[in-house]
Amino acid sequence: RSRMHRGQAYPSVEKKRWWQSDYFKIAAASVILVTGYMFYRSFSFQQALISGIPDSEISHLEKTSNATSEAKEIMLSDGSHVTLDPGAALFYAREFDREKRIVYLKGNGFFDVAVDPDKPFLVYTDDIVTKVLGTSFTIRKNEGSGAIEVAVMTGKVMVEKTVGSNDGTGTSAKSGVTLTPNRKV
């Protein structure tokens, strides 16, 4: 008390508000960074793995891709052989369904499908589906024009434009093109 009256000043302590604290500033900056990153990820990776096919349909499937400069052969569980060109990828179930065999192709590939008349083999690529029972054929995509070509070596296939989801029921257009050996569409 004696010093207070003599004119000696003590430093005053200012009380900060909660939003002025350093902890609040760090927490706010962290929230902004995390939110910004999530926003960036949601918009930057929306391109589908295979155009025309939702990623949710192929995310649970096995994926084999060819990152080499030579063709890569894959044998599927039904005995079918697929040869992927460099840069191509194939999505398929480890074990096929009892009613149908469905695979998804990105890029170019040659298929030698095991014969099974009770289980059609369906190849989805972009906005077309190729249906076969047992045959060999090539699917190629022209990267410049985006056109897809299906060429049959042996057997018979039907090529249709897809409409809607690819669940195997009501997924293709009413009309398609049936190909025989040495024909392409």
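Q: What makes the largest nonpolar core a core, and which of its 24 residues touch the most other members?
A: In this predicted model, Leu76, Leu90, Val103, Phe111, Phe121 and Phe137 touch the most other members of that core. It's called a nonpolar core because its residues are buried, nonpolar ones joined through side-chain atoms within 4.5 Å. As a rule, in soluble globular proteins, nonpolar side chains tend to be buried together.

Q: Which element gives the largest share of this core?
A: That's β10, with three residues. Other strands that give two or more residues include β3 (81-84), β5 (101-106) and β9 (136-141).

Q: What is leucine 90 in contact with, leaving aside its neighbours within four places in sequence?
A: Quite a list, including Ile74, Leu76, Val82, Val103 and Phe111. Each counts as a contact because heavy atoms come within 4.5 Å.

Q: Why is threonine 125 called buried?
A: Its relative accessible area is 2%. Buried means under 20%, so threonine 125 gets the label.

Q: How do you know that the side chain of threonine 125 makes a polar contact with leucine 105?
A: It reaches the backbone oxygen of leucine 105 at 3.0 Å. Threonine 125 itself sits in strand β7 (residues 121-125).

Q: What lines the largest pocket: how many nonpolar, polar and charged residues?
A: Five nonpolar, one polar and five charged. The pocket's volume is about 200 Å³, and the lining residues closest to its centre are His60, Leu61, Ala93, Ile102 and Tyr104.

Note on methods:
Residues numbered from 1 in each chain as written. Predicted model: local features only at pLDDT ≥ 70, side-chain atom pairs only at ≥ 80, totals over all residues. Heavy atoms only, no water. 1 Å grid on protein atoms, 1.4 Å probe; cavity = no way out; pocket = protein on both sides within 12 Å on 5 of 7 lines; lining within 4 Å. Points joined across faces, edges and corners; volume = space filled by probe spheres on them. Nonpolar A, V, L, I, M, F, W, Y, C, P; charged D, E, K, R; others polar. Helix = DSSP H or I, 4+ residues; strand = E, 2+ residues; numbered from the N terminus. Buried < 20%, exposed > 50% of the residue type's maximum accessible area, 1.4 Å probe, protein only. Polar contact = N/O pair within 3.5 Å; in protein donor to acceptor, adjacent residues only side chain to side chain.
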